[in-house]
Amino acid sequence: MKVHLHIGQQKTGSTSIQKFFEINRKALSKQGYLYPKSLGVDKQVGLFKQIDDLLDPSSQVYKSFFKEIEKSKCEHLILSEENLFTLKDELLDKVGQFLNSHFQDISIIAYLRRQYDQAASLYQEVVKGRVFLKYEAWIEKKLNQGYYNYTWVLERWENRFPEAKMKVKAFYNLLENDIRKDILNEISFPNIEKLNFNEAFNFKNTGIDTLSIEILRVSNAFVKKGNPKDPEAFRAKVRKYVFGKTFDKKLVLHYAQKERLWNEFLASNQALINKYQLSEDEYFLDKPKEEDGWTNDDHDPEEVLLELSRIYNLSEG
Amino acid sequence: MELILHIGQQKTGSTALQTFLNEKYAILRGRKILYPQSLGNEHNKQHLIMHSFKTQSLNEENGIKADFLAEISKTTPKKVIISDENMFVGKPENLNQLKVFVNDIFHKVKIICYLRVQHDQMPSNYQQGLKGKLSKDLRSWLDTHIYKSVYYKYHIVLNRWKNTFPEAKILVKTVGNLLHDDIVQDFVEAVIPEVKNEIIFESKTISNRSIDQPSGHLLYFLNKLIDKSKHPSPFQSIKESVISDSSNYTTKTPFAFSNEEKLEIWNQFKDSNTLIASDFKLSQADINYLTSPPEMKEDDQIDNLERVYLKFLEYLEKRK
């Protein structure tokens, strides 16, 4: 059985891919491609969250997974989970141990976005969650983790999967400008005409404006400090307000912030291009263009306070 | 009859001193010391003098002088204490009015003034302004008060008093070097030592009632929001809560300026303060207090704005 392991990275259309595979599960299966649901309905989060069970043949998760494979009679197995991209060493070792011991033909697919675009997008996303760090502190943390050193990240995968085929792709110049079609092409899916490409299921993250990002971040910090009596009610109230608005200002990084990321990873990206023979060298190497950008510090504090007061329906008169 | 004129400055414990003088009125009277009531008694100070400056009526027949003379005549004191910290920066023409007022009645005048070093005094005044309607950002406030205002040039201010009252003894002291850290005891020892054995001084717990750093910044933004919103502003009640809370707790992070701001202030005023030291014969401890560089606090890495936002959210949560 051939395994197509899609490992992300985040903010490269993974949710679109996973939703698409989920709604086309049957149609994929008919053409010999299994998108299993025993490790998670929309994506195979169990691949790392339940990895200890997967390493135990007596566990229910192990049995369910292999029963599903056996029952499908498929020759291809698609696994997708973008959080695998920077899995911690210990977990990655286990994922390697598990997959290598059961599958001989593994293909690892990673879509990469250039650092200064990805960081802006990812920061926005994590602040929608529980991150309370300002961009500068957050990016330091990510850089320390090695997240943006793509050659290093992929080497970690190669070390655990020495026999696997690595397919590294730029999140750029996608087939028909559609990540779903692009990945189908990568896994050599034979006939895409019978698949449902309904746009309603083509998940796209809603971008929010920079002020709202700051409001979410501050509210996360407020929760972190343990201040609201009912943190979940508070979070819900903030999110109801923020997501009830329309947004106009696009999130981009300041030129200096972009340039820093570009500069820091220029050599690493060049190595990446050479090693994986990527044709998108401009995309990864071009110096960022100057455009109006944003950092947290740019917000007019009065605006932030006004927004916070609006969450509490405090009319400004 | 001697006049003891306490002229402040503000934020040096004047209210505590005035409250003491008012409360101990009878004991002082017993020693022929008068803390007069006829010059006004708003917040225990003789506020009608300042009021008369505005109306130019200090020495008019229908002014406060007649009542004051009547009070003196009735009580026959040896010493009279007049205290209003707002007199500190009286304009020269007002001081001249005061001189006429005083010289008619007293043969001896002692002026006592407590100073607070500028890099401590300015944050306190800025904070006081924030509790009012100040919505000027700190930088422009500093530019005005460091480089344009005469208030903090103590040497100039005190020389106005010296020039107006050349015969007076001017006693310049500092809050950095108070007897038992208490302006009341210091004042008594300095100008009315004859009563000190009759008074049991209340033991004081020095508590810092300064507003805390984020609340101070929050007040600034609330003032701006109040300025911009229609009356009644919804932010007014939050502002009142911030001010009210600040008088109920002791903060570990009182409102203060940054190290750079404090150094800038110290640099600007150290020469003027050195001149005071020689002109007014300050004690060595007072000289040190007024001329030593500010204590540097550890660099605060915490983002002030962040703390303002969190503080604001605390108040919004409390309002629910």
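In the predicted model, helix H9 (residues 183-191) of chain B lies across S1, S4 and S5 of chain B and runs at about 155° to S4(B). Helices (H or I, at least four residues) and strands (E, at least two) are DSSP runs numbered from the N terminus; axes are lines fitted to C-alpha atoms, for helices over the stretch in contact, with angles from 0 to 180 degrees between N-to-C directions. The model is predicted, and local features need pLDDT of at least 70, side-chain atom pairs count only at pLDDT 80 or more, and totals for chains, interfaces and linings use all residues. Residues are numbered from 1 along each chain as its sequence is written, while chains are lettered from A and ligands numbered from 1 in the order in which they are written.

The open sheet of chain B consists of five strands in the order S2-S3-S1-S4-S5, with parallel pairing (strands pair if DSSP finds at least two bridges between them). Strand S2 (33-34) and strand S5 (169-174) of chain B are the edge strands, each pairing on one side only. Strands S1 (residues 2-6) and S4 (residues 108-115) of chain B run parallel and are joined by five bridges; B:Leu5 has B:Ile111 in S4(B) as its bridge partner.

In chain A, A:Leu184 lies in helix H10 (residues 179-186). A:Leu184 counts as buried because it has 23 C-beta neighbours inside 10 Å; the cut-offs are 20 or more other C-beta atoms within 10 Å for buried, 12 or fewer for exposed and partly exposed in between, with C-beta atoms placed from the backbone. B:Ser247, in the loop between helix H11 (236-246) and helix H12 (259-279) of chain B, counts as exposed, with 9 such neighbours inside 10 Å.

Conventions: Contact = placed C-beta atoms within 7 Å.
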